[in-house]
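Hi there,

Here is the structure I promised to pass on to you. Have a look at it first, and then read my notes below.

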Amino acid sequence: MTEISSNIKKFDVEEVRKLFPVLHQKVNGKPLVYFDNAATSQKPIAVIEALKTYYKGYNANIHRGIHTLAEKATKAFEDTRKRLSSFVNSNEVEEIIFTKGTTESINLVASSYGRKFINEDDEIIISGLEHHSNIVPWQLLAEEKGASIKVINVLEDGTLDFDHFKSLLSDRTKLVAVNHASNSLGTINPIKEIIAVAHEVGAKVLIDGAQGTAHLEIDVQELDCDFYALSAHKCYGPTGVGALYGKRELLEAMPPYQGGGEMIKEVSFEKTTFNDIPYKFEAGTPNIGDVVAFKYALDFIDDLGKENIASYEHELYTYAREKALTIPGLRIIGDSSNKVSVLSFVIDGVHPFDIGQMLDASGIAVRTGHHCTQPLMDHFQIEGTIRASFAVYNTKEEIDRMIEALQRVVKFMKA
Ligand code: PMP
């Protein structure tokens, strides 16, 4: 399987497409165009095969067993941890905790770090660009602890108001939680600068990397971020798996998030001692098969090269943006120059949902609605957008098909 992907030394989109079985089908009688990658990306054959190989060949529970299958499963599971550690360049493998995904990773930090270290009158800073997953856990925590939440303003082009951010920082700020890239608009946030100034007031920083992992370089040591949360399914891996990177000293100071098997050293009815990191945060049987398969998604990304991916996706985005702007009444929401390949737009007088349905009738999958960022939609005073988000297997021909379909929609609606 890795053989297939490692054959792609230089970027050839037709070769890439061959690795994704799901793309080769008709939807509503038309060849599928999949532009819903920010919601979840499709999976290369290597990931699908790895999952099958695991269940057909060596399904067993990990860590506790001494039999051959258990050892094989444990090794494959831990290999993904090593692979992810090098993917994000963590200093130590133990700083990678497996979770269900970004949402659980953020909740883990809010429940564990937050409950221990955030107190009454402390402040948590988030941004106006956040996904509900990076808003609600902090609201729950703030309510419980009597802390408050400050929100960084979003500018007209969908970027963050950095001066406003700096004005919010004080010695009350205990945590800053922002995304690497916005799922709704595609804006790439200046996280290195955000982390540096937050650290000046002693705050810790969590980066919601759900939209960063597949598209942007991640070097947690260079960034000096305290936590980085990610989901496998947004970066060509399986659903139901993700990870939290955390600095060792923070993870060690944090109490367990859930109690159960695996996270303990010794249990008696009088006293329980906890396991070392990362196991302290991995109570119960994890999603072994999907963690094992996740490694093949990371291999796929690295085989192509993040730089090649970023430049190809940028080319797609620029092409789509130019074409989209020729459509009468179309307005791009969040039109900054530094974006991942997300084209979010509205068309005057046409409801996003209707556009989504009409595109689906042409075999084109986009997402419409608030994209789990209702406060951001409120900020732009819109109900939602139409979002076309591109991945490595998309093509300019597919974009042409979407543009033609949109032209038809506008003509039809205005007739
Ligand atoms: N943050 C961002 C920016 C996202 O795009 C998403 C998924 N749409 C999440 C958090 C939540 O990720 P998951 O559902 O995989 O936990």
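Let's begin with a helix. In α5, the buried residues are T102, E104, S105, I106, L108, V109, A110, S112, Y113 and G114. Please keep in mind as you read that this is a predicted model. Helix α5 covers residues 102–117, and its 16 residues should span 22 Å at 1.5 Å a residue. The C-alpha atoms at its ends are 21 Å apart, which agrees with that expectation.

Now to the ligand. Which residues are found around the ligand? They are T102, T103, H131, S133, N183, D208, A210, Q211, S231, H233 and K234. This shell divides into eight polar residues, two charged ones and one nonpolar one.

- T103 has a polar side-chain atom 2.5 Å from an oxygen atom of the ligand.
- H131 places a polar side-chain atom 3.3 Å from a nitrogen atom of the ligand.
- S231 has an N or O atom in its side chain that is 2.7 Å from an oxygen atom of the ligand.

On its own, the ligand has 400 Å² of accessible area, and the protein covers 84% of this.

From there you can move on to H371, which sits in the loop between β16 (367–369) and α14 (374–379). Is H371 buried or exposed? It counts as buried, because its relative accessibility is 8% and the cut-off for buried is under 20%. Its side chain and that of T385 are joined by a polar contact of 2.7 Å. Beyond its neighbours within four places in sequence, H371 is in contact with several residues, including H131 and N183. Both H131 and N183 belong to the residues around the ligand.

Another loop residue to look at is T187, between β7 (173–179) and α8 (191–200). At 1% relative accessibility, T187 counts as buried. The side chain of T187 reaches the backbone oxygen of G158 at 2.7 Å. If you leave aside the neighbours within four places in sequence, the contacts of T187 include L129, G158, T159 and H180.

Next comes F35, in the loop between β3 (33–34) and α3 (45–58). F35 is buried, with a relative accessible area of 0%. What is the distance in space between F35 and V366? Their C-alpha atoms are 5.1 Å apart, although the two are 331 residues apart in sequence. V366 is also one of the residues in contact with F35, and among the others are I364, A365, R387 and F390.

Finally, let's turn to helix α11, residues 288–304. At 1.5 Å a residue, its 17 residues should span 24 Å, and the 26 Å between its end C-alpha atoms agrees with this. The helix is mostly covered, with 14 of its 17 residues buried. After α11 comes G305, whose phi is positive, near 95 degrees.

Within α11 you will find V292, which is buried with a relative accessible area of 3%. Setting aside neighbours within four places in sequence, V292 is in contact with Y54, Y58, A76, F77 and T80.

Enjoy exploring, and write back with any questions!

Best wishes

Methods. Residues are numbered from 1 along each chain as its sequence is written. This is a predicted model: local features need pLDDT of at least 70, side-chain atom pairs count only at pLDDT 80 or more; totals for chains, interfaces and linings use all residues. Side-chain values use heavy atoms; hydrogens and water are left out. A residue is near a molecule or strand if one of its heavy atoms lies within 4 Å of it. A polar contact is a pair of N or O atoms within 3.5 Å; within protein, one must be able to donate a hydrogen and the other to accept it, and residues adjacent in sequence count only if both atoms are side-chain atoms. Accessible areas come from the Shrake-Rupley method with a 1.4 Å probe; for residues, only the protein chains shown count as cover. Ala, Val, Leu, Ile, Met, Phe, Trp, Tyr, Cys and Pro count as nonpolar, Asp, Glu, Lys and Arg as charged, and the others, Gly among them, as polar. Helices (H or I, at least four residues) and strands (E, at least two) are DSSP runs, numbered from the N terminus. The expected span of a helix is 1.5 Å times one less than its number of residues. Buried means under 20% relative accessible area, exposed over 50%, partly exposed in between (1.4 Å probe, protein chains only). Contact means heavy atoms within 4.5 Å.
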